[in-house]
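Reader: I have a model open and want to go through the chain contacts. Can you take my questions as they come?

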Protein chains: 2
Amino acid sequence: MPRKPSYDREDLIRRARDMFWKQGWAGTSLKNLETTLHLKPGSFYAAFGSKDALYQLALDQYAVDGAATLAALEHAHGPLGALQALPRHVIENKAAPARACMLAKTFLELSPHGHPLADHANGHLTRMEHRFADLFGKAQAQNQISIGHDPHGLARRYQSDLLGLRISAERPDYDAAATALEIAQSLSRL
Amino acid sequence: MPRKPSYDREDLIRRARDMFWKQGWAGTSLKNLETTLHLKPGSFYAAFGSKDALYQLALDQYAVDGAATLAALEHAHGPLGALQALPRHVIENKAAPARACMLAKTFLELSPHGHPLADHANGHLTRMEHRFADLFGKAQAQNQISIGHDPHGLARRYQSDLLGLRISAERPDYDAAATALEIAQSLSRL
DNA sequence: TATATACTTGAGTGATCACTCAAGAAAGAA
DNA sequence: TTCTTTCTTGAGTGATCACTCAAGTATATA
């Protein structure tokens, strides 16, 4: 008996994610979202409940996509190859609305206000860090890098460098490709 | 004949800077500023003209202080020593309201909206990058590091790593001291 | 076709945004 | 003391914020 929605929910979340990713939480108004999603206020709140609820869905989709990207790179290039390919991938990805990491931007913006979404973003960052540690561990098991380093320490440094690269890459005239190459090459010397 | 203001202008800018630095542009309302600066709307606009004008003054004061900090470190530890000491300094500085760089936060938040303050912040970032390149050049002249690298390339990478460190250092449970130490140590191997 | 169950619409809510301005208070010069 | 100039005050501006809800519309089942 019911009537079906005229939209694709996952597609709406993806479009909202791109907008939040680029413009941030405060920088994206309900009016912006209504325009981009072609949704009137009533439909928006019936579908998602609140701006924050949609933002959380967007964060989760971002994290899932990021994990999938890393898994695909591992499948294509192996654990060390994935870690070396990721820096270039994130700054060259034309489908992305921004170079900087949405998790880091969210955490930076909302953490000082004690907003729950900041903790949520930080949790995703931590899970990504663990994923990096897994890959460093696998690279050691395959004798691609020395076993002299703690995989978690390598992941801590790698993620930090990656966040720095992705922020720097937003700047006009910044040679992000050079920094990405250096990060990748430094992994070969481990 | 005139009446003097009852406040210290530089002190007001410093307090506004700390608030903008921690909470960002959109995250800091006029009401917040009026409370912290003990200024009614009329006095605020008579003194600074607009929220954006005060933000720019805050950015400039931040940049001047940053340059002074770097100069002091150079005086104390020499060019290479300053570059090695800075990572630890920025994450341990108890006077700072945040670990992350205010210039980077400003650029990240306002750049997608084409806000003039984003360009202003990026200009300061570029000048800091040049200052880093100067120090790398001096370190080469003093035979502290090899002359095989381009100082500007070293500065490009160093600044990116520093931005990453400072963002990571905002996260709870992140071992920023370890990453800061690794950045410093990597400079000894140049 | 009739009915039940959604989904869609858009005007409207109070709160907060950055900002204005006219009136009053204070302090140095005469 | 008086006058002039500036600073201080705080109610008030229109715009925008996230969000609500009652009324209208479309669709799958019976």
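Reader: How many salt bridges are there between chain B and chain A?

Author: Eight salt bridges, where a salt bridge is a side-chain nitrogen of Lys or Arg within 4 Å of a carboxyl oxygen of Asp or Glu. One of them joins the side chains of B:Glu182 and A:Arg157, at 3.8 Å from N to O. Note that this is a predicted model, where local features need pLDDT of at least 70, side-chain atom pairs count only at pLDDT 80 or more, and totals for chains, interfaces and linings use all residues. Residues are numbered from 1 along each chain as its sequence is written, chains are lettered from A and ligands numbered from 1 in the order in which they are written, and side-chain values use heavy atoms, with hydrogens and water left out.

Reader: How many residues are in contact?

Author: 34 residues of chain B are in contact with 34 of chain A, contact meaning heavy atoms within 4.5 Å.

Reader: And what area is buried between chain B and chain A?

Author: About 3000 Å², with carbon and sulfur atoms giving 56% of that. Buried area is the accessible area (1.4 Å probe) that two parts lose on being put together, summed over both.

Reader: Is B:Cys101 buried or exposed?

Author: B:Cys101 is buried, at 7% relative accessible area; buried means under 20%, exposed over 50%, and partly exposed in between (1.4 Å probe, protein chains only). A:Cys101 also counts as buried, at 7%.
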